[in-house]
Amino acid sequence: MSNANHLDRRQVVATLLADRKGAVAIGGLGASTYDIAAAGDHDRNLYLWGAMGGAVMIGLGLALAQPELPVVVITGDGEMLMGMGSLATVGLQQPKNLTIVVLDNESYGETGGQPSHTAAAADLVGIARACGISDSRALTTQMELKTFAKSLHEVSAGPRFANVKIDAANLERVLSNRDGRFILTRLRGSLGFKPI
Amino acid sequence: MHAHSDASAEQAAERTASWPGEIFAILKRLGVRQVPYVPDAGHAELINRVLAEPSMRAIPLTTEQEGIALLLGAWAGGQRGVLLMQSSGVGNCINMLALTQIFSFPFLTLVTMRGEWGEFNPWQVPMGSSTQGAFELSGVKVLRASHPSEVREVMEAAANQAFHALTPTAMLLSQRLIGTRVFVK
């Protein structure tokens, strides 16, 4: 399933988060969460191990609550397809500080590599743009990724959407913390909010 | 003293408003900022009030489950919210309701009921009949208001347990309260 023209997912996420500063990273269930964990645990990481289709909406709620805070959702093509309507909801709200990155391996890697809809006709960049996210693009090189990573911090220029075709090889799992209460309390604490 | 008299005036206004007005006043007093919704005729007055309120953001959804994830994000960023939907939307939420148990965040939803009390449309009956059960199986406590005189009290209870005890809560607004939709003359 490897494709030499496609990027390595771990390198993609490491590049996106290398100089993250205060940005919050939300990982969709599956390999995207492992990629974020592999880039390094962080108070401002929110990992999902379920709730398929919800990653973008969590990012939207946070981005609207904290408009000066860069929020980046990193998820896979299958998770994004299940929450495709949320692109229309983001297109309506136009949160300027929200970035959505899809790691597109054109397959459901966690469940045996069955082809996803993006392997055929579904074009997530086109869908995002048609939903009103005018800054929607495909990223194909590490150089483009480095430039894009800097733009995450421009909280007055979003929302932005990027689709990155990645190699479909299954990498070793890097398990993130799975305790939701801990992760949420830690994230809120880093933003200055106390437990109830 | 001034703050106290303001609060009294606020509460007096809540008591004289329509029941959607009472709900709105309580949400405003409790600092609710994000109001995701899939529209329903029974929520129309409340949605209009939210749309006219600068401190609140009304967020139309494509499907109800989006609202659960949105409210988690809002809380991560320090804001309270409430999800508005009709009973037919509850079935769309089941898997996403896992977020309320995993993250223990304040989750409150107000659900207008169909498929009961004099319903005309048979398609509303299956989901309306399983709304309460579906919530309870998903770990969400259910409170219900069926008469205008009890809306304020039930709303206070629902908001208190959701926001202060982190108890995921759905408040059902009975079809008897909203009125049966008339399709034929």
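Biologist: Which residue of S4(A) does A:Gly76 stand opposite?

Modeller: This is a predicted model. Strand S3 (residues 71-76) of chain A runs parallel to S4(A), and six bridges join the two. In that pairing, the residue opposite A:Gly76 is A:Leu103.

Biologist: What is the bridge partner of A:Val101 in S8(A)?

Modeller: S4(A) also pairs with strand S8 (residues 160-165) of chain A, in the parallel sense and over six bridges. Within S8(A), the partner of A:Val101 is A:Ala162.

Biologist: Is strand S4 of chain A largely enclosed or open, and how many of its residues are buried?

Modeller: A residue is buried if 20 or more other C-beta atoms lie within 10 Å of its own. On one side of S4(A), A:Leu98, A:Ile100, A:Val102 and A:Asp104 are buried, and on the other A:Thr99, A:Val101 and A:Leu103 are buried too, so both faces are covered. The strand, residues 98-104, is therefore largely enclosed by the rest of the structure, and its buried residues number seven of seven.

Biologist: Which helix gives the largest share of the side of chain A that touches chain B?

Modeller: The contact takes 27 residues from chain A and 27 residues from chain B. On the chain A side, helix H3 (55-65), helix H5 (85-93) and helix H8 (180-190) each supply at least two residues. The largest share is eight residues, and it comes from H3(A).

Biologist: By class, how many nonpolar, polar and charged residues has that side of chain A?

Modeller: The count concerns the part of chain A that touches chain B. By class, that side has 15 nonpolar, ten polar and two charged residues.

Biologist: How many residues of H3(A) are buried?

Modeller: The buried residues of H3(A) include A:Ala55, A:Met57, A:Leu60 and A:Ala65. The helix is mostly covered, with the buried count at eleven of eleven.

Biologist: Where does A:Pro67 lie, and is it exposed, partly exposed or buried?

Modeller: A:Pro67 is in the loop between H3 and S3 of chain A. Beyond its neighbours within four places in sequence, A:Pro67 is in contact with A:Lys96, A:Asn97 and A:Val155. Its C-alpha atom is separated by 7.5 Å from that of A:Pro95, which is 28 residues apart along the chain. Because A:Pro67 has 14 C-beta neighbours inside 10 Å, it counts as partly exposed.

Biologist: What is phi of A:Lys21?

Modeller: A:Lys21 is in the loop between helix H1 (9-17) and strand S1 (24-27) of chain A. A:Lys21 counts as exposed because it has 8 C-beta neighbours inside 10 Å. Most residues other than glycine have a negative phi. For A:Lys21 the value is positive, near 55 degrees.

Biologist: What is phi of A:Gln94?

Modeller: A:Gln94 has its place in the loop between H5 and S4 of chain A. With 12 other C-beta atoms within 10 Å, A:Gln94 is exposed. Its phi is positive, near 50 degrees.

Biologist: What ipTM does the predictor give the complex?

Modeller: For chain B, the mean pLDDT is 93, and 91% of its residues reach 70 or more. For the complex, the predictor gives a pTM of 0.95 and an ipTM of 0.97.

Notes. Residues are numbered from 1 along each chain as its sequence is written. Chains are lettered from A and ligands numbered from 1 in the order in which they are written. This is a predicted model: local features need pLDDT of at least 70, side-chain atom pairs count only at pLDDT 80 or more; totals for chains, interfaces and linings use all residues. Helices (H or I, at least four residues) and strands (E, at least two) are DSSP runs, numbered from the N terminus. Two strands pair if DSSP finds at least two bridges between them. Two residues are in contact if their C-beta atoms, placed from the backbone, lie within 7 Å. Ala, Val, Leu, Ile, Met, Phe, Trp, Tyr, Cys and Pro count as nonpolar, Asp, Glu, Lys and Arg as charged, and the others, Gly among them, as polar. pLDDT is the predictor's confidence in each residue, from 0 to 100.
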